[in-house]
Amino acid sequence: MKYTVGLIYGDGIGPEIVREAKKVLDAAASKYGFELDYERLLLGGESIDACGLPLTDETIAKAKKCDAVLMGSIGGDAKVSPWYKLEPSKRPEAGLLKIRKELNLFANLRPAYLYNELKDACPLKEEIKGNGFNIIIVRELTGGLYFGERHTDVIDGVRTAVDTLKYDENEIRRIAIKAFDTAMKRNKKVTSVDKANVLDSSRLWREVVNEVSKDYPDVTVEHMLVDNCAMQLVMNPGQFDVILTENMFGDILSDEASMITGSIGMLSSASLNDTKFGLYEPSHGSAPDIAGKELANPIATILSAAMMLRYSLDLDNAADAVEAAVQQVLKEGYRTTDIYSEGMHKVTTTQMGDLIAERI
């Protein structure tokens, strides 16, 4: 079977980490007998330099023809990069928001998994870590405050800014279905996070989630206010399986969840539409300060590639093999700088990719 995968190398450490993920994908393809054709796509600062825009119509059209897209990191150093002298709509991150909208990528899946081998890097107390945790946050990605109407005016001599938080029941229903479907493949529990004690949008969110839950009698559903969820993540993360939430809450909670794993450099993510198509990327940023120095941890991008194999290409065996190879390399004590501790074997970005590919 042949698949077309779009590759967005992106900015900063993006080219380095995508290169290693491609290496691992090629090893998996050779082992499991499928073919991958790669389509080079431009996005972010790289696209600004080449085309003058963070995202072009050409990139959108090419991406739509792919089975999935694997992306590195977007953006640069806002203090020194000329990209950030442009108006906001022409900066690198604007391209990322636009491609999510153009490809209808309404569902963001971000795992937060504590590897036993990295328990010492977790900032939580030993009694809170317990036997570890395995959470996936399902975040609505194309609605809410980030995409609502906004304006800044001077009213009676006072600068006033307005951002609009809006959700309709269809937007809520489709992301809820993604969360419940995900829970069915895991431990059959959904925690829906909102601010229903204050917001009308959250009250509608809760109503629709309850309606969807009726179609999943095997899944336990609970509702939790976002401030309580933020607290519970650092008090008892093991209680969570699937966390379902809206765009802004999900943005904040997924970053919190990533840090209690010990390193954001380990965490993958997937952004899906209502077909098998998805955009896969690491949860971390472009880290321009270490770009080109062979210090970047490619594991988050490699695990994003594994998610791509699983969710978009239905190659579960290959995905399992990639994840197992990552765990094996960690068991053997190999570490990039960000996760290194005394007694381990420190390796470069390229060496980490080689080690994982060899163990497929």
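## Two helices side by side

Let's start with a helix pair: α8 and α9 run roughly parallel to each other. Their packing angle is about 10°, and their axes lie 10 Å apart. On the α8 side the contact is made by Val226, Cys229, Ala230, Leu233 and Val234, and on the α9 side by Phe249, Leu253 and Glu256.

The axes are lines fitted to C-alpha atoms, for helices over the stretch in contact, and the angles run from 0 to 180 degrees between N-to-C directions. Contact means heavy atoms within 4.5 Å. Helices (H or I, at least four residues) and strands (E, at least two) are DSSP runs, numbered from the N terminus.

## About the model

This is a predicted model, in which local features need pLDDT of at least 70 and side-chain atom pairs count only at pLDDT 80 or more, while totals for chains, interfaces and linings use all residues. Residues are numbered from 1 along each chain as its sequence is written, and side-chain values use heavy atoms, with hydrogens and water left out.

## The buried side of α8

Which residues of α8 (residues 226-235) are buried? They are Val226, Cys229, Gln232 and Leu233, where buried means under 20% relative accessible area, exposed over 50%, and partly exposed in between (1.4 Å probe, protein chains only). These residues cover an arc of only 110° around the axis, so they sit on the same side of α8. The arc is that of the directions from the helix axis to the C-beta atoms.

The cover over these buried residues includes the strands β5 (134-140), β8 (189-194), β9 (220-225) and β10 (242-245), along with helix α9 (247-259).

## Rings and charges

Searching the whole structure turns up four aromatic pairs. One of them joins Tyr3 and Phe34, edge-to-face, at 6.4 Å centre to centre and with 75° between the planes. This pair links distant parts of the chain, 31 residues apart: Tyr3 belongs to strand β1 (residues 2-10), and Phe34 to the loop between α1 (14-32) and β2 (35-41). Tyr3 is buried, at 12% relative accessible area, and Phe34 is buried as well, at 6%. For such pairs, rings of Phe, Tyr and Trp (its six-membered ring) must have centres within 6.5 Å; planes under 30 degrees apart count as stacked, over 60 as edge-to-face and the rest as tilted.

Lysines also meet rings here. The charged end of Lys101 sits over the ring of Phe147, 4.8 Å from its centre. The charged end of Lys346 sits over the ring of Tyr340, 4.7 Å from its centre. A charge sits over a ring if NZ of Lys or CZ of Arg is within 6 Å of the ring centre and within 35 degrees of the ring normal.

## Two buried helix residues

Ile99 is found in helix α4 (residues 92-102) and is buried, with a relative accessible area of 0%. Not counting residues up to four places away in sequence, Ile99 touches Ile8, Leu43, Leu55, Leu105 and Leu279.

Ser304 is part of helix α10 and is buried, with a relative accessible area of 0%. Setting aside residues up to four places away in sequence, Ser304 touches Leu70, Ser268, Ser269, Tyr280, Glu281 and Pro282.

## Loops worth a look

Asp67 lies in the loop between α3 (57-64) and β3 (68-73) and is partly exposed, at 33% relative accessible area. Beyond its neighbours within four places in sequence, Asp67 is in contact with Tyr3, Thr4, Lys276, Phe277, Gly278, Ser312 and Leu313. From C-alpha to C-alpha, Asp67 and Leu313 are 7.4 Å apart in space, although 246 residues apart in sequence.

Most residues other than glycine have a negative phi. Ala287 has a positive phi, near 40°; this residue lies in the loop between β12 (278-282) and α10 (299-311) and is partly exposed, at 24% relative accessible area. Asp314 also has a positive phi, near 55°. Asp314 is found in the loop between α10 and α11 (316-331) and counts as partly exposed, at 47% relative accessibility.

Conventions: Parallel < 35°, antiparallel > 145°, perpendicular 65-115°, else oblique.
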